[in-house]
Amino acid sequence: MSFLVIEVGFTFFKEAVGKIRSPESIRFQAASLCVLILSVGVKLWMGAFNRKLGKRIDSKVMLATAADAAGDVITTSATILSLVFFRVTGINIDGFVGLGVSLVVMWAGIGIAKDTLEPLIGKPVDPEEYARITRFVEQYDGIEGSHDLIVHNYGPGRNMASIHAEVPNDVDIEASHEIIDRIERDAAKKLGIFLVIHMDPVEMKDEHVLAAKKQVLGLLDALDPQVSIHDFRMVDGRDQINLIFDMVVPYEYDHKRQDDLRTSLMKLLKLTDERYECVITIERSYVGNAAE
C-alpha cells in the first residue's frame with residue numbers, strides 16, 4: 001500500500017512538472033465540481049472509518065488504507081481549489097498545486113512504509129508496555145527484580161517477549177523454576193503474551209556484596225541517573241576485588257559516551273577502594289523514548 005501511494009505521488013509529480021512547463025487549458029463545469037466535492041465527502045468518511053477500525057483492531061493495513069484515503073482527499077481538494085481559483089481569477093495554477101500535492105502524497109507514502117516496517121524489523125518497547133510486563137513479573141513472591149525485556153510484535157494478538165527475572169541465589173533452583181513456569185503460564189492467559197523468562201540468581205544476604213553494589217549505584221546515579229546495572233557479582237580477594245556487572249545505557253548513547261561513562265565510574269570506584277577492578281558489560285536499553 002505504501003509503495004502504491006508513493007507511486008501515485010511520483011506520477012502526480014511528473015504530470016505537475018509537465019503542466020508547469022506546458023500549461024493546459026482548464027474548463028470550469030459546475031457538475032464536475034459537485035462530483036469532486038461529493039468524492040471528497042466519501043473519502044473523508046472512508047478515511048475516518050478505516051482509521052477508527054484500524055486503531056481498534058491494531059491493523060497497519062487499515063491505517064494505511066485510511067492514509068491512502070486522506071491522500072485522495074488532498075489531491076481532490078487541490079483540484080477543486082485550482083478550478084475555483086481559475087474561475088475567480090482566470091489564472092491557471094493547476095501545475096503548481098499539483099506539484100505541492102505530489103510531495104505531500106509521497107511523504108505520506110514514506111510515513112506508511114515507516115509505520116509498517118518498524119514492527120517487522122523490530123523497535124524499542126513502549127515505556128507503558130515495559131512497565132506493565134515488568135510489574136506483572138515482579139509481583140510474584142520469589143522474584144526480586146527484572147531486566148532485559150524484549151518484545152516482538154508479529155501482529156494483533158501475536159506478541160512474544162523475553163525477560164530476565166532475578167531470584168535469590170540461596171533458594172532451591174527447582175522452587176525458583178516452578179515460580180518462573182507459573183509466571184509464563186499466567187502471562188499467556190492474562191497478558192496474551194508468549195513470555196520466555198531467563199532466571200538470574202542474585203545475592204540477597206551478603207552484606208559485603210550488597211554494600212559494594214550500593215556504592216556502585218550511588219556513584220552511577222551521580223554520573224548519569226538514566227543508567228542502571230544488573231547481574232552484579234563480586235569476587236573478593238586480599239589484594240584485588242573484582243566487581244562484575246552489566247551496565248544498561250539509553251539506546252542513543254554512542255560508543256564514545258559509553259566508554260567515557262565506564263571510565264569515569266571505574267576511576268570513582270578506585271578512589272573508593274583502590275583494590276576495586278571492574279568488569280563491565282555495556283548494554284543498550286530496549287525501551288523506547290516516552291516522548292516518541
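## Overall fold

Of the contacts in the protein (heavy atoms within 4.5 Å) between residues at least 6 apart in sequence, 64% join residues at least 24 apart. The model is predicted: local features need pLDDT of at least 70, side-chain atom pairs count only at pLDDT 80 or more, and totals for chains, interfaces and linings use all residues. Residues are numbered from 1 along each chain as its sequence is written, and side-chain values use heavy atoms, with hydrogens and water left out.

The protein has 8 helices and 6 strands, taken as DSSP runs numbered from the N terminus (helices H or I, at least four residues; strands E, at least two). Their order along the sequence is α-α-α-α-α-β-β-α-β-α-β-β-α-β.

## Dimensions and burial

The C-alpha trace of the protein spans about 95 × 45 × 25 Å along its principal axes. The radius of gyration of the protein is 29 Å, whereas a compact globule of 292 residues would have one near 19 Å. This radius is taken over C-alpha atoms, and the globule rule is 2.2 Å times the number of residues to the power 0.38.

Buried residues make up 34% of the 292 in the protein. Buried means under 20% relative accessible area, exposed over 50%, and partly exposed in between (1.4 Å probe, protein chains only).

## Packing of α7 and α8

Helix α7 (residues 207-223) and helix α8 (residues 255-272) have axes that come within 10 Å and cross at roughly 130 degrees. That angle makes α7 oblique to α8; angles under 35 degrees count as roughly parallel, over 145 as roughly antiparallel, 65 to 115 as roughly perpendicular and the rest as oblique. Axes are lines fitted to C-alpha atoms, for helices over the stretch in contact, with angles from 0 to 180 degrees between N-to-C directions. The crossing of α7 with α8 is right-handed, that is, the near helix is turned clockwise from the far one by less than a right angle.

On α7 the contact is made by Gln215, Val216, Leu219, Leu220 and Leu223, and on α8 by Leu261, Ser264, Leu265, Leu268, Leu269 and Thr272. These residues divide into 8 nonpolar, 3 polar and no charged. Ala, Val, Leu, Ile, Met, Phe, Trp, Tyr, Cys and Pro count as nonpolar, Asp, Glu, Lys and Arg as charged, and the others, Gly among them, as polar.

## Two individual residues

Ser2 lies in helix α1 (residues 2-21) and is buried, with a relative accessible area of 10%. Leaving aside residues up to four places away in sequence, Ser2 touches Gly109, Ile112 and Ala113.

Arg257 belongs to helix α8 and counts as partly exposed at 44% relative accessibility. Between Arg257 and Asp141 there are 116 residues of sequence separation and 38 Å in space, C-alpha to C-alpha.
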